[in-house]
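Reader: I would like to learn how to read a few features of a protein model. Please take them one at a time.

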Amino acid sequence: MTLQDCYEDMGGDLGAALAVLESETRLARYLKLFLDEPTARMLFLALEDARWADAFRAAHTMKGLCRGLGLTRLYDSCCALADALRGGRAPEDERVLAQVQRDYEAVTRAISALRAET
């Protein structure tokens, strides 16, 4: 799998990521590190435990991580989730939670496939 294939599979913007990290080698290294980044785990645990303020902070952190790596689809769903959790309240529409989960799984699948081939 190429880096381009990875970004297409996960709904990302390779050009935006390269504008930030400036090399495919550096970008691939950071993508692989993303798989071990604890923020997503913290987010999903906070959501499961209905700790809305903690979930908001984790969603907001995820937004920043995703933006820097060009993970556009996951960034967009994390933005929607952070907006829904703003003020430490439960989201009114639980579909936003499911969307973040789906987008995160797509990202981890694509990066795992990239990791397996390099």
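Reader: Where is A50 found?

Author: First, the ground rules. This is a predicted model, in which local features need pLDDT of at least 70, side-chain atom pairs count only at pLDDT 80 or more, and totals for chains, interfaces and linings use all residues. Residues are numbered from 1 along each chain as its sequence is written, and side-chain values use heavy atoms, with hydrogens and water left out. Helices are DSSP runs of H or I with at least four residues, strands are runs of E with at least two, and both are numbered from the N terminus. A50 is found in the loop between α4 and α5 (52-69).

Reader: What is the phi of A50, and how does E22 compare on that point?

Author: Most residues other than glycine have a negative phi. A50 is not a glycine, yet has a positive phi of about 60 degrees. E22, also not a glycine, has a positive phi of about 70 degrees and lies in the loop between α2 and α3.

Reader: Is E22 buried or exposed?

Author: The scale is relative accessible area: buried is under 20%, exposed is over 50%, and partly exposed is in between (1.4 Å probe, protein chains only). E22 has 65% relative accessibility, so it counts as exposed. A50, at 41%, is partly exposed.

Reader: How many salt bridges does the structure hold?

Author: Side chains of opposite charge can pair when their charged atoms come close. The rule here asks for a side-chain nitrogen of Lys or Arg within 4 Å of a carboxyl oxygen of Asp or Glu. The structure holds 6 salt bridges.

Reader: Which residues are linked in a network of salt bridges?

Author: D49, R51, D54 and R57 are linked in this way. D49 and R51 meet at 3.6 Å, N to O. R51 also forms a salt bridge with D54, where the closest N and O atoms are 2.7 Å apart. D54 in turn pairs with R57, with the closest N and O atoms 2.3 Å apart. R57 and D54 both lie in helix α5, 3 residues apart, which is about one turn of the helix. As for accessibility, D49 is partly exposed at 45%, R51 at 35%, D54 at 30% and R57 at 49%.

Reader: What is the nearest side chain of opposite charge to D103?

Author: For charge, Lys and Arg count as positive and Asp and Glu as negative, while His and the chain ends are not counted. The nearest side chain of opposite charge to D103 is R73, 4.6 Å away, and D103 is buried without a salt bridge. D103 lies in helix α7 (residues 95-117).

Reader: Which side chain does D103 join in a polar contact?

Author: A polar contact is a pair of N or O atoms within 3.5 Å; within protein, one must be able to donate a hydrogen and the other to accept it, and residues adjacent in sequence count only if both atoms are side-chain atoms. The side chain of D103 has such a contact of 2.9 Å with that of S77. D13 lies in the loop between α1 (3-10) and α2 (14-21).

Reader: How many aromatic pairs does the count come to?

Author: Rings of Phe, Tyr and Trp (its six-membered ring) pair if their centres lie within 6.5 Å; planes under 30 degrees apart count as stacked, over 60 as edge-to-face and the rest as tilted. The count comes to 2 aromatic pairs. The rings of F34 and Y104 have centres 6.2 Å apart and planes at 55 degrees, so this pair is tilted. The pair links distant parts of the chain, F34 in helix α3 (residues 24-34) and Y104 in helix α7, 70 residues apart. Both F34 and Y104 are buried. Ring pairs link F34, F44 and Y104 into a cluster. F44 lies in helix α4 (residues 39-48) and is buried at 19%.

Reader: How many disulfides are there?

Author: A disulfide is a covalent bond between the sulfur atoms of two cysteines. The cut-off is a pair of cysteine sulfur atoms within 2.5 Å. The count comes to 0 disulfides. C6 is in none, and the nearest cysteine sulfur, that of C66, is 13 Å away. The sulfur of C66 is 4.8 Å from the closest cysteine sulfur, in C78, too far for a bond. C6 is buried at 0% relative accessibility, and C66 is buried at 1%.
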